Each structure stands twice: as structure tokens, then as C-alpha cells.
Amino acid sequence: MSIVKKLSAACLALPLLAAVSAAPVHAQGLSGLTGGNSNGASSLLGNAASGALSNSGLNIPSVSSLAPSNVTGLLSYCVENNYLGGNSPSTILSSLKNKSGLDTSSSLYTNGQQGILDTGNGNTFSLSSLTGNLKQKVTKKVCSAVLKQGKSLL
């Protein structure tokens with residue numbers, strides 16, 4: 001990669017770094033969104049952004065560790081905000097809501113509806129606090145992972 005391209009990539013990553021550093025994040029692990037890939041930031045946002053993320057403190061939790069009610073609330077957030085296309089997400093959401101034992105009155109469900117991944121012990125990650133291009137990319141990736149997790153709960 002030429003020096004000009006590296007410099008361009010670094011300059012493009014600066015606004016991303018500013019947005020990320022302002023986001024309140026309290027959770028662990030990027031691997032759950034990327035299928036266990038140890039270089040999750042790179043596959044999630046591309047190589048130029050991964051350099052900015054590596055020192056930003058942005059740690060996205062694995063959706064596989066979330067409670068079913070939080071997954072269902074998050075899927076609701078994703079569907080309502082059009083982060084997932086097609087009819088399948090709405091169908092899966094309806095099935096999850098009708099599933100026996102799901103507590104839609106819990107704070108986990110309510111947090112999910114607000115775009116908050118609740119990993120327990122007071123640790124959360126808020127999709128709604130992200131801004132700009134970062135919000136679009138991260139939220140779409142999280143919503144895809146939440147949809148997959150929702151399917152596994154049925």
C-alpha cells in the first residue's frame with residue numbers, strides 16, 4: 001500500500017475514531033459478531049477502520065451470551081429501525097414473542113428494544129449511542145448476528 005493510500009485511510013479513520021471514543025461502551029468481545037474471528041474489528045469494519053478501533057475501547061459483546069428476552073428486544077429494535085431486510089426478521093420476531101417463557105416485561109427486553117445489548121452484571125453496549133457511518137455498519141452487523149441468534153432460539 002502506498003504512503004498516500006495509507007495516509008488517506010488514516011485520515012478517513014479519524015472521524016470514526018472520534019465517534020467511537022465518545023461512545024459509552026461497557027462489554028467484552030468482538031468475536032461473537034464475526035464467527036469467532038480473532039481479528040473481528042478488521043472483518044467488521046474493514047482494515048482502515050480496524051486500526052482506529054483497536055485503540056478506541058469499542059468492544060462489542062457476543063450476541064450468543066445474551067438472554068433470549070434481550071435478543072428478542074434487539075430483534076424488535078432492528079426490525080423497527082429497518083436494519084434488516086425482508087420478511088424473515090419480522091416472522092422470527094413474531095415467533096420469538098409467542099414463545100413460551102419469554103418475558104417481554106423484563107428490563108432485558110426493554111433494553112433490547114432501545115438497542116442495548118445487556119450482557120449481565122451491569123455491562124451493556126448501546127447501539128443507539130453510536131453515530132454516523134459507524135452506527136450503520138456496527139448496527140447492521142449486530143442485527144444480522146441477533147437474527148441468527150433469534151433463529152437458534154426457536
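**Briefing: loops, core and helix packing**

Asn 82 sits in the loop between H4 and H5, where helices (H or I, at least four residues) and strands (E, at least two) are DSSP runs numbered from the N terminus. The model is a predicted one, in which local features need pLDDT of at least 70 and side-chain atom pairs count only at pLDDT 80 or more, while totals for chains, interfaces and linings use all residues. Residues are numbered from 1 along each chain as its sequence is written, and side-chain values use heavy atoms, with hydrogens and water left out.

**Overall make-up**

- The chain has seven helices and two strands, and along the sequence these follow the pattern α-α-α-α-α-α-β-β-α.
- Of the 154 residues in the chain, 45% are buried, where buried means under 20% relative accessible area, exposed over 50% and partly exposed in between, with a 1.4 Å probe and protein chains only.
- Among contacts (heavy atoms within 4.5 Å) with a separation of 6 or more, 72% are between residues 24 or more positions apart.

**Nonpolar core**

- The largest nonpolar core has 26 residues, of which Leu 75, Leu 117, Leu 127, Val 138 and Val 142 touch the most other members; such a core is a set of buried Ala, Val, Leu, Ile, Met, Phe, Trp, Tyr and Cys residues joined through side-chain atoms within 4.5 Å.
- Helix H4 (68–80), helix H5 (88–98) and helix H7 (132–153) are the elements that give two or more residues to this core, and H7 contributes the largest share, eight residues.
- In soluble globular proteins, nonpolar side chains tend to be buried together.

- Thr 72, a residue of helix H4, counts as buried because its relative accessibility is 0%.
- Apart from neighbours within four places in sequence, Thr 72 is in contact with Leu 93, Leu 96, Lys 97, Leu 102 and Tyr 109.

**Aromatic pair**

- Rings of Phe, Tyr and Trp (its six-membered ring) pair if their centres lie within 6.5 Å, with planes under 30 degrees apart counted as stacked, over 60 as edge-to-face and the rest as tilted; by this rule there is one aromatic pair.
- The ring centres of Tyr 77 and Tyr 83 are 6.1 Å apart and their planes stand at 20 degrees, so the pair is stacked, and both Tyr 77 and Tyr 83 are buried.

**Hairpin and positive phi values**

- Strand E1 (residues 116–120) and strand E2 (residues 123–126) pair in the antiparallel sense over four bridges, pairing being assigned if DSSP finds at least two bridges between two strands.
- Gly 120 stands opposite Asn 123 in E2, and the hairpin of E1 and E2 has two residues between the strands.
- Asn 121, in the loop between E1 and E2, has a positive phi near 50 degrees although it is a residue other than glycine, and it is exposed, with a relative accessible area of 80%.
- Asn 82, likewise not a glycine, has a positive phi of about 60 degrees and is exposed, with a relative accessible area of 63%.
- Most residues other than glycine have a negative phi.
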